[in-house]
Amino acid sequence: MDIDDKEILREVCTFNEAASEDEINLVEKELGITMPNDYRDFLLLHNGMTLFSSYLTSYTFFSLDEIRTNFLIVHKDFKEEDLEPTKDYPIGEYPDVGYIMISDALVTKYSSQGAIYVGHIMPEETEESFVSFVENVIKKTGEFFWEDQSLTEY
């Protein structure tokens, strides 16, 4: 294989402007949820983000407005599937799987550790916090793009 035949993939990560404490408090009050400090810290820096936006995949973490909108969709789905209503709320979308959710019942004021899961109808639980979940998305996706490959292939 000739090194000139390699295509460089350009990935884009987009970070939204920060949310305010008042905006976060309003969404909590409207939806009857509790956002843990680690997730609040993220919203105070970036009110949503998209990681690895390309033709391959993208991981979306919602803004507060998107949380509101998708909260209603998730709870409509729960009702249609005759599932027990919860105060769980979507914080993003995971490619080909569905929503990234926070379990309101498992979250504490200080941490989302163990409260993150993927998919709202058939949930795949994790033991991760919001921070470790995002770190793993970056690490696992990054392996595809930045994997150390031997030059002996050329």
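Reader: In which hand, left or right, does H1 cross H2 in this structure?

Author: The model considered here is a predicted one. In it, H1 passes H2 in a right-handed crossing.

Reader: How is the packing of H1 and H2 described in terms of angle and distance?

Author: In general, the angle between the axes and the distance between them describe two packed helices. Here, helix H1 covers residues 21-31 and helix H2 residues 37-45; their axes lie 10 Å apart, at an angle of about 130°. H1 is therefore oblique to H2.

Reader: Which residues of H1 and H2 meet?

Author: On the H1 side these are Glu21, Ile24, Asn25 and Glu28, and they meet Arg40, Leu43 and Leu44 of H2. Sorted by class, the residues of this contact comprise 3 nonpolar, 1 polar and 3 charged.

Reader: Which residues make the contact between H1 and H3?

Author: H1 contributes Glu23, Ile24, Leu26, Val27, Glu30 and Leu31, while H3 contributes Leu64, Ile67, Arg68 and Phe71. The contact of H1 with H3 holds 7 nonpolar and 3 charged residues, with no polar ones.

Reader: Turning to pockets, how much space lies in the second largest pocket, and how many residues line it?

Author: A pocket may be read through its volume and its lining. The second largest pocket holds about 150 Å³ of space. Its lining consists of 13 residues, and Ser103, Leu106, Gly114, Tyr117 and Glu125 lie nearest the centre. By class, the lining comprises 6 nonpolar, 4 polar and 3 charged residues.

Notes:
Residues numbered from 1 in each chain as written. Predicted model: local features only at pLDDT ≥ 70, side-chain atom pairs only at ≥ 80, totals over all residues. Heavy atoms only, no water. 1 Å grid on protein atoms, 1.4 Å probe; cavity = no way out; pocket = protein on both sides within 12 Å on 5 of 7 lines; lining within 4 Å. Points joined across faces, edges and corners; volume = space filled by probe spheres on them. Nonpolar A, V, L, I, M, F, W, Y, C, P; charged D, E, K, R; others polar. Axes fitted to C-alpha atoms, helices over the stretch in contact; angles between N-to-C directions. Helix = DSSP H or I, 4+ residues; strand = E, 2+ residues; numbered from the N terminus. Parallel < 35°, antiparallel > 145°, perpendicular 65-115°, else oblique. Left-handed = near helix turned anticlockwise from the far one by under 90°. Contact = heavy atoms within 4.5 Å.
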